[in-house]
Amino acid sequence: MKISPAKKNQKTSEIPGFFHLKPLLDTARILIRNRILLWEMTRRDVLDRYTGQMLGAIWAFVHPLAMMAVFLFIFGVVFKMKVQVADMPDVQYNFAIYMISGLLPWMVASDAMSRSCLAIRAQAALVKQVVFPLEILPAKVAIAVFLPIVVGHIILAAYTLLAFGSLPITYLLLPLLYALLFLMMAGISAIFASGGVFVRDIKDVVQLIVLLGIYFAPVFFTLESLPRVWRILIYINPFAHAVLCFQDATFYGHFAHPASWVAFPILSLVSAILGASVFQKLKTFFGTYL
Amino acid sequence: MTAHEQNDIAISARGIGKDFHLYESPHHFLMEFLTGRSRHKVFSALTDISFDVKKGEVLGIIGRNGSGKTTLLRILAGTLDKTAGEAVVNGRISAIMALGTGFNMELSGRENIYLGGLCLGMSPKEIRSKTDAIITFSGLANFIDRPVRSYSSGMQARLAFSVAAAVDPDILIVDEALSTGDAAFAAKSYGRMREIADGGATVLLVTHNMQDIYNLCDRVIMLEKGRVTAIGEPREIGRIYEDRVHAEIAAEHHQSAPVTNATSPEGARPDAEIVRTEILKTNGHLVTELESGAEYLIRLTTRFHADIPSASIGFNIQNATGITLFGISTTHLGQDVCGQKGHEVTTTLRMRCNLAPGTYSLMAVIAQNISGIEQAYHFTILHKLYDAATFTVTSDRAFSGIADMGCQVERIEEGPSA
């Protein structure tokens with residue numbers, strides 16, 4: 001029996017294209033059905049990286065804290081960067097809060113991207129030998145990377161309380177922002193994880209994105225400090241909208257960037273749908289190419 | 001297919017085919033994906049595989065290395081996509097493919113039982129209630145809290161099997177996973193597989209050990225170069241399979257015969273040589289397949305290139321692993337052969353074949369008795385011909401081991417215990 005390639009694809013997958021809602025719903029159903037396994041694997045993912053080490057999971061906190069301290073020192077102490085916001089006069093303290101507000105979501109994004117490339121490739125044994133819900137592999141990466149941001153926000157809240165005696169009411173928006181950021185990163189992780197099976201170079205592309213991406217988001221500078229023409233560079237960066245929304249929640253205390261509050265949910269949903277579609281389409285081929 | 005038949009069938013495979021696309025370089029896949037232009041060679045691992053497996057059946061899959069056994073199992077398990085055909089699988093699958101399936105090496109055996117159980121679809125409650133039984137079955141109680149990386153390959157296989165078998169699967173797939181376990185554990189595992197099958201579940205088993213196939217399987221599929229070449233009774237298919245292997249070994253020997261004939265490094269002609277080795281039935285017909293328990297004649301033809309006043313002619317029988325099971329010579333039997341230069345001598349020995357089923361090879365030897373027949377240990381080998389003949393043995397009697405000792409039940413008595 002001869003089957004042409006076009007027909008063959010239709011046979012192995014019922015998904016019509018790379019952008020469809022059904023794969024996302026299927027994926028969600030699979031993840032919910034296997035939620036205990038997902039939770040257990042995520043827990044292992046966080047803890048296992050440090051098993052057998054003396055300080056164990058403490059390293060999970062040392063790394064992000066050290067990174068924050070270095071950035072604070074360079075940009076706040078050495079370069080004496082300032083944030084010009086009309087209704088907030090106390091610039092010294094505010095720069096730290098401003099920078100960390102933007103840095104935390106970016107750390108989640110960069111962590112998720114760099115770890116997702118190998119999420120499936122490194123688990124070849126599971127893919128080939130066990131009847132296993134593969135959706136868990138990118139999903140657990142997207143969940144595990146949230147540990148530092150939660151810790152970071154607790155520290156940030158404590159610091160803000162100490163410095164100002166009150167917290168912006170917009171802190172209440174954080175759960176919503178977490179959910180949106182999770183959707184965005186789960187989608188991107190799924191794409192990188194499944195792409196990484198076929199194209200090894202993806203991890204190098206991602207390294208480049210992680211290295212440069214932070215400068216295309218208003219983390220160390222404010223959007224307003226940029227000349228208007230250059231702001232387009234920020235606006236086309238999907239992560240910049242995430243950064244701006246988080247800054248609104250933990251620094252500005254109001255919807256200072258309404259455009260991003262529209263763009264971020266839309267981009268997150270698009271990322272999740274696209275990621276699930278690509279993943280469901282490619283996952284049948286993992287076994288062959290690993 | 002009616003609803004009733006559907007209920008009875010655990011696995012239904014129809015025309016399954018699997019082509020592997022071989023790319024010279026990984027990015028060729030991407031190029032093909034983007035441009036639609038073919039950039040690969042096709043390797044057909046499976047072609048038109050069709051069969052049904054009933055619930056409660058143990059199906060063995062045999063075939064040489066590279067015949068597609070593992071590919072087929074992976075397709076049925078769902079860890080590999082197929083390029084043609086249809087596979088309907090009814091029920092929960094638990095698969096053990098090769099070693100240490102999905103274990104996290106850094107975690108302890110106990111943690112791996114939990115994680116492995118979740119991976120195989122058990123609920124935490126189910127796993128907790130079964131953990132003790134799994135540990136007991138694996139026999140690893142003393143090691144269970146150590147990291148799996150410290151386990152030997154056999155221990156990993158034991159743990160993998162114990163977890164997979166605890167799932168209460170509808171379909172259990174075992175791919176040579178037990179080849180590294182020891183015999184005691186293998187026996188225990190086969191017992192467990194039988195239990196699973198008797199409970200109405202289906203077992204698919206790949207092994208190279210024909211004895212396992214005979215002991216365990218209800219039906220056997222034989223694969224050759226990705227095609228089903230035979231389906232049927234284990235004994236029947238096993239015989240076909242062993243014939244094929246045997247034929248291949250024989251062909252190999254035929255090719256290498258001139259090499260084995262060379263007796264001395266210089267290639268000088270020996271004083272006597274074995275020119276023909278034949279195995280015959282007592283009625284004089286040549287055979288390559290022997291029945292355990294029957295009598296056969298071994299006919300060794302030797303040619304003398306020098307006068308040998310007292311020669312000894314005999315043979316050794318070796319099994320597939322090279323162990324000599326039996327050896328005899330005319331000197332052992334109290335007779336010697338007097339060879340004259342330029343003459344051929346045909347020696348026929350009668351023996352009863354009491355060997356277990358399997359493939360054997362016969363080594364023919366001619367030696368010169370230096371001190372006459374009384375001192376049988378004092379000899380020089382003139383010509384030794386390895387694999388002078390190869391043959392298979394079949395048996396109607398069920399027994400284990402390498403030889404049939406002809407055992408009968410004498411009596412069984414019962415009484416109150418002392």
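This is a predicted model: local features need pLDDT of at least 70, side-chain atom pairs count only at pLDDT 80 or more; totals for chains, interfaces and linings use all residues.
Setting aside residues up to four places away in sequence, Ile173(B) touches Leu73(B), Leu76(B), Ala77(B), Ile93(B), Ala95(B), Ile96(B) and Leu204(B). As a general rule, nonpolar side chains in soluble globular proteins tend to be buried together.

Of its 25 residues, 19 are buried, so H9(A) is largely enclosed by the rest of the structure. Another helix of chain A, H7 (residues 136–144), is mostly covered, with nine of its nine residues buried. The buried residues of H7(A) include Ile136(A), Leu137(A), Val141(A) and Ile143(A), and also Lys140(A).

Now turn to where the two chains meet. Here 26 residues of chain B are in contact with 26 residues of chain A. On the side of chain B that touches chain A, the elements giving two or more residues are strand S1 (9–22), helix H2 (26–35), helix H3 (69–77), strand S5 (93–97) and helix H4 (109–119). H2(B) provides the largest share of that side, four residues. What kinds of residue make up the side of chain B that touches chain A? They divide into 15 nonpolar, eight polar and three charged.

Stepping back to chain B as a whole, you can find nine helices and 18 strands in it. The chain has 418 residues, and buried ones make up 37% of them. Among contacts in chain B with a separation of 6 or more, 71% are between residues 24 or more positions apart.

Is Met155(B) buried or exposed? It counts as buried because it has 22 C-beta neighbours inside 10 Å, and the cut-off for a buried residue is 20 or more. Leaving aside neighbours within four places in sequence, Met155(B) is in contact with Leu140(B) and Phe143(B). The C-alpha atoms of Met155(B) and Gly181(B) are separated by 7.1 Å, though the two residues are 26 apart along the chain.

The strands of chain B come next. Strand S17 (residues 358–369) is mostly covered, with nine of its twelve residues buried. S17(B) pairs in the antiparallel sense with strand S13 (residues 308–319) of chain B over nine bridges, and Asn319(B) has Tyr360(B) in S17(B) as its bridge partner. S17(B) also pairs in the antiparallel sense with strand S18 (residues 379–394) of chain B, over eleven bridges. There, Gly358(B) has Val393(B) in S18(B) as its bridge partner.

Elsewhere in chain B is an open sheet of three strands in the order S10-S12-S16, with antiparallel pairing. Strands S10 (272–281) and S16 (344–352) of chain B stand at the edges with a single partner strand each, so one side of each is left without a neighbour in the sheet. On average, neighbouring strands of this sheet are turned by 20 degrees against each other, direction ignored. Strand S12 (residues 295–304) of chain B pairs with S16(B) over nine bridges, and Tyr296(B) has Met351(B) in S16(B) as its bridge partner.

Finally, two residues of chain B deserve a look for their backbone angles. Phi of Asp48(B) is near 50 degrees, a positive value in a residue other than glycine. Asp48(B) has its place in strand S2 (residues 41–54) of chain B, and it is partly exposed, with 16 other C-beta atoms within 10 Å. Phi of Lys225(B) is near 50 degrees, again a positive value in a residue other than glycine. Lys225(B) lies in the loop between strand S8 (219–224) and strand S9 (227–232) of chain B. With 14 C-beta neighbours inside 10 Å, Lys225(B) counts as partly exposed.

Notes. Residues are numbered from 1 along each chain as its sequence is written. Chains are lettered from A and ligands numbered from 1 in the order in which they are written. Two residues are in contact if their C-beta atoms, placed from the backbone, lie within 7 Å. Ala, Val, Leu, Ile, Met, Phe, Trp, Tyr, Cys and Pro count as nonpolar, Asp, Glu, Lys and Arg as charged, and the others, Gly among them, as polar. Two strands pair if DSSP finds at least two bridges between them. Axes are lines fitted to C-alpha atoms, for helices over the stretch in contact, and angles run from 0 to 180 degrees between N-to-C directions.
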